Amino acid sequence: MSLAQRVLTDWQDMHIALMDQRAHRGTEGWAHRSVHELVAAHGQWFVPSADLPAGIRPMPEKECFANAADLERDHPHLVYTEGFAVASGSPVGVAHAWCTDRAGRVVDSTWSDQKRSAYLGIVLPSDTRPQRQRVWGGVLESPETLFPLLRNGLDSVR
């Protein structure tokens, strides 16, 4: 496990442990109590690419959700993926979106240094992916798209 993967795993485990300590009953009976549990249950590690593939240009920072949605729309061989990531050298994870190719490699047009980053996420079912550009917020951050996934589980939309 890489250093960035260890940072992301520890960060994810900390959030899940906080849910256990708080014993919040608002999501009682739901498939997952939090987005962290959803990603832990259904997420997978994705391999960072060394460089962006030919024909894909860097896009604006801090707009990863819109960037990944646009990238999937413009490059049909890529799929929108969302979850958590740790940027190279960062001590914490963040909600993030990127695309993956058929081999499971990350194509991230938002971050410039992917080699030492870590990506843990979910290739979301096509009917839950953004259909229009959203500058801020992703599927796993927006209550109208996240809550049904937490309540019913990801398998209910596959």
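Mentor: Start with packing. This is a predicted model. The buried residues of H3 pack against strand S2 (79-86), strand S3 (94-100) and strand S4 (106-107).

Trainee: What makes helix H3 mostly covered?

Mentor: Count its buried residues. Helix H3 spans residues 64-74, and nine of its eleven residues are buried. Among them are Cys 64, Phe 65, Leu 71 and Glu 72. Buried means under 20% relative accessible area.

Trainee: Now the charged pairs. Why are Arg 6 and Asp 10 called a salt bridge?

Mentor: Set the distance against the cut-off. The rule asks for a Lys or Arg nitrogen within 4 Å of an Asp or Glu carboxyl oxygen. For Arg 6 and Asp 10 the N to O value is 3.2 Å.

Trainee: Where do Arg 6 and Asp 10 sit in helix H1?

Mentor: They are four residues apart in H1, which covers residues 3-22. That means about one helical turn separates Arg 6 and Asp 10.

Trainee: What makes Asp 20 and Arg 33 a salt bridge?

Mentor: Their side chains meet at 2.4 Å, N to O. The limit is 4 Å, so the pair counts. Asp 20 lies in helix H1, and Arg 33 in the loop between H1 and helix H2 (35-42), so the pair ties together parts 13 residues apart in sequence.

Trainee: Are Asp 20 and Arg 33 buried, exposed or partly exposed?

Mentor: Asp 20 has a relative accessible area of 47%, and that makes it partly exposed. Arg 33 stands at 25% and is partly exposed too.

Trainee: Which salt bridge joins Arg 33 to Glu 37?

Mentor: One with an N to O distance of 2.5 Å between their side chains. Salt bridges that share partners join Asp 20, Arg 33 and Glu 37 into one network.

Trainee: Why is Glu 37 called buried?

Mentor: Its relative accessible area is 17%. Buried means under 20%, so Glu 37 qualifies.

How values were computed. Residues numbered from 1 in each chain as written. Predicted model: local features only at pLDDT ≥ 70, side-chain atom pairs only at ≥ 80, totals over all residues. Heavy atoms only, no water. Helix = DSSP H or I, 4+ residues; strand = E, 2+ residues; numbered from the N terminus. Buried < 20%, exposed > 50% of the residue type's maximum accessible area, 1.4 Å probe, protein only. Contact = heavy atoms within 4.5 Å.
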